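Dear colleague,

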Amino acid sequence: MGAVNSFEAKSTLAVGEKEYGIYRIDQVPGHERLPYSLKVLLENLLRTEDGANVTRAHIEALGNWDPAAQPDTEIQFSPARVIMQDFTGVPCVVDLATMREAVVDLGGRPDQINPLAPAEMVIDHSVISDVYGTADAAARNVEIEYQRNGERYQFLRWGQGAFDEFKVVPPGTGIVHQVNIEYLARVTFTREIDGELFAYPDTCVGTDSHTTMENGLGVLGWGVGGIEAEAAMLGQPISMLIPRVVGFKLSGQIPAGVTATDVVLTITQMLRKHGVVGKFVEFYGEGVGSVPLANRATIGNMSPEFGSTAAMFPVDDVTLDYMRLTGRPEDQIELVKAYTQAQGMWHDPSREPEFSEYLELDLSTVVSSIAGPKRPQDRIELTNSKSQFETDLKNYAQAANPAKVKDEQGREFEIDHGAVTLASITSCTNTSNPSVMLAAGVLARNAAARGLRAKPWVKTTLAPGSKVVTDYYEKSGLNYDLEKLGFYTVGYGCVTCIGNSGPLNQEISDAVNEHDLAVTAVLSGNRNFEGRINPDIKMNYLASPPLVIAYSLAGTMDFDFDTDALGQDEAGNDVFLRDIWPDPVEVQKIADESIDSGMFLEKYATVFDGDEHWTSLPTPDGNTFAWDEKSTYVRKAPYFDGMQLEPTPVTDISGARVLAKLGDSVTTDHISPAGSFRAETPAGRYLVENGISPKDFNTYGSRRGNHEVMIRGTFANIRLRNQLLASENNGAGVEGGFTRDFTLEGAPKSYIYDASQNYQAAGIPLVVLGGKEYGSGSSRDWAAKGTSLLGVKAVITESFERIHRSNLIGMGVLPLQFPEGENAESLALDGTETFDISGITALNEGVTPRTVSVTATREGGTSLRFDAVVRIDTPGEADYYRNGGILQYVLRSLV
């Protein structure tokens with residue numbers, strides 16, 4: 001708690017037989033008109049007021065919040081806890097382990113590096129659907145998972161013992177965000193401090209952008225990069241500007257036959273078009289009370305897809321009913337109600353808070369939709385899906401080029417562009433929602449009863465985010481119907497949504513590549529970026545779980561569900577989607593009969609224990625980790641090598657070359673892919689040189705604890721298009737992690753990693769040029785870590801997504817934006833120029849410049865100068881940049 005209580009806000013709240021210390025926000029003038037999300041921030045400031053990082057002026061600024069103003073007031077937010085998944089969490093633990101050694105080198109103690117608030121990791125990103133379509137698929141995939149990742153998991157078991165307040169949910173349990181809303185989230189947090197029990201809003205940041213799923217439960221939080229999460233674990237508040245808040249009014253009722261997925265795809269399209277990057281979105285109005293908690297969670301989950309920092313629903317009876325369903329203790333539920341009502345945080349639809357901007361959606365206007373083929377915001381009404389596919393296909397292929405295939409079972413068939421080669425019910429976005437999961441099961445039951453089956457070229461997978469899903473499928477008997485169509489459970493984790501779809505059958509893969517087919521995937525996930533889902537698949541579509549089933553039956557995106565039959569029944573009658581679409585009344589009846597709180601209580605009673613695979617792993621001990629120099633999974637991080645107690649002054653950038661010139665909507669998947677890679681790539685060459693066979697490469701995501709792999713994988717996405725190579729292949733350009741190396745005669749095509757090594761050897765700094773929405777997508781900090789370790793000193797774009805911009809600063813990379821209305825094309829920059837950037841040295845004097853001067857000198861000697869906007873947005877970020885990064889700043893602060 002803060003050492004200062006200038007508003008005399010500290011009070012007590014009696015709930016049952018317990019008394020809690022609380023900080024009353026009604027002591028701050030103006031609190032009553034604030035949106036729910038800002039009330040949570042206000043309480044956070046009151047409770048952490050210390051007269052230095054958090055002052056009375058900060059609290060008053062929030063109380064006097066002007067909805068119409070642009071954000072300009074920095075505050076320090078201290079989350080109650082941190083959650084992680086293993087792809088981003090392993091490098092966090094690597095960094096913390098390295099910091100323990102670094103703090104000793106600077107004169108401190110290893111135990112100074114310890115989480116000060118609960119940090120919980122769920123291992124969900126490593127299971128791959130190598131095996132599918134069989135009853136033992138999940139068990140066999142877990143076996144393979146442990147064979148591949150045993151070394152990483154041993155390291156995490158060491159971390160669980162070495163660090164205070166750090167817990168790990170073992171593999172095979174579920175997806176972090178689903179486990180969070182079903183079990184980990186407290187909604188109202190309690191903690192004993194100096195012998196007094198305090199209650200305050202549960203707030204949580206996570207090392208995954210979809211941490212916002214908890215917003216549906218009334219828990220304020222968002223995704224951050226791993227480095228920012230590490231700082232938060234060590235007690236460093238998160239620096240932020242008081243945001244604008246977009247009020248999103250919900251009215252009307254969802255029509256029969258329309259799903260929560262259709263609603264969230266509609267909201268995603270609306271908010272991405274409106275522009276909500278860096279803003280909070282908060283749902284309000286009479287219609288909020290009729291939105292089930294599972295639907296709220298689905299909407300919150302997609303917050304990064306529409307670009308907002310958070311997408312909040314306030315606490316109400318729907319929240320409490322969900323807590324009760326998921327087995328939360330009754331005294332905790334009573335506390336949540338009493339606390340939120342006492343603080344004016346309970347949802348009152350008759351009182352409308354003030355918002356910065358307003359939007360409204362009449363839910364009765366939502367129609368069945370999908371999104372694709374490469375961005376979540378590109379919504380397509382299902383009735384237009386065939387025609388839109390025909391239009392989009394022109395960007396991926398030309399004339400039809402059918403391939404004849406004979407599979408392992410001797411079946412012969414033909415596939416062409418648009419063939420659905422992967423249909424996957426996956427991701428916490430939808431598997432957390434019983435309404436859509438049961439709808440998929442009922443659709444499967446109806447289809448199977450009419451004799452329909454998935455097409456033989458479709459890989460069908462089911463990966464629930466919680467074992468509770470399996471429980472209610474088994475209780476309802478729908479698991480058998482799903483299995484008749486090939487949808488066997490392949491594991492409990494993210495799987496297809498994060499690119500762990502596993503390989504297509506070899507004969508399908510061969511046909512796709514030999515005929516250069518633009519085949520498709522349909523998944524119930526939240527992301528469909530290029531190169532993310534499967535290396536053989538060019539076009540990816542997001543859809544509700546029942547539509548995933550439907551497309552597995554159709555077998556192609558070139559399909560009109562209104563006029564095309566899915567097949568024939570035994571009597572030879574055509575069967576259309578409308579004939580088998582689930583009745584919502586039946587779905588609700590099955591839900592009422594099949595789901596109860598006992599399921600959640602049973603599954604989560606031993607959530608941290610793990611199975612025999614986990615418990616039998618040898619576990620290292622000790623306060624510091626014994627690094628194995630031969631390890632290709634876990635290596636000591638290089639960020640603190642040679643670090644001094646005093647930071648080196650900031651310098652201007654001169655003589656920089658362009659490593660990559662990129663277009664719009666470059667995602668963190670493009671910058672730091674998570675999926676598989678080939679032996680001829682720099683990462684593949686490194687592993688082969690270290691004795692690793694290509695069959696044991698695993699994925700980039702699984703090797704994030706080894707910087708040597710990850711540097712080589714930066715900008716290595718197979719669909720990346722570096723415009724420095726736009727003239728290659730007769731103007732068709734090049735896909736993949738390539739650039740031009742200007743240290744070599746003729747500036748030949750080179751792998752980006754290889755070129756960066758030559759530039760660094762020659763002492764030449766690097767810059768990256770980008771377009772709009774640079775760094776959208778996942779929170780992965782390796783997109784910034786890799787950028788920094790490649791020698792990139794600045795990234796110049798039209799606009800940044802929130803998390804990646806923050807991560808770049810956290811790694812000491814300067815984020816700059818072109819002047820308003822300008823971009824690389826309008827300035828005639830082609831990436832062959834040499835760049836000089838001056839004016840950033842003002843940071844050494846404690847001044848953050850609004851702009852810096854950029855001079856681009858062309859190969860012929862002519863030059864262009866422009867003022868780039870400095871996107872160091874807060875004084876805290878300036879401190880991080882001056883120190884070379886956030887972890888260096890925290891380490892120096894601790895010592």
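Four strands make up an open sheet with parallel pairing, in the order S13-S12-S11-S14, where a strand is a DSSP run of E of at least two residues, a helix is a run of H or I of at least four, both numbered from the N terminus, and two strands pair if DSSP finds at least two bridges between them. Strand S13 (310-312) and strand S14 (357-362) lie at the edges and have a single partner strand each, so one side of each is left without a neighbour in the sheet.

This is a predicted model, in which local features need pLDDT of at least 70 and side-chain atom pairs count only at pLDDT 80 or more, while totals for chains, interfaces and linings use all residues. Residues are numbered from 1 along each chain as its sequence is written, and side-chain values use heavy atoms, with hydrogens and water left out.

Strand S11 (residues 245-251) pairs with S14 in the parallel sense over six bridges, and Phe248 stands opposite Leu359 in S14.

Elsewhere, Tyr473 belongs to helix H15 (residues 467-476), and at 3% relative accessibility Tyr473 counts as buried (under 20% relative accessible area, with exposed over 50% and partly exposed in between, for a 1.4 Å probe and protein chains only). Leaving aside residues up to four places away in sequence, Tyr473 touches Met437, Leu438, Ala440, Gly441, Leu462, Leu478, Asn479 and Leu482, contact meaning heavy atoms within 4.5 Å. The C-alpha atoms of Tyr473 and Gly441 are separated by 7.8 Å, with the two residues 32 residues apart along the chain.
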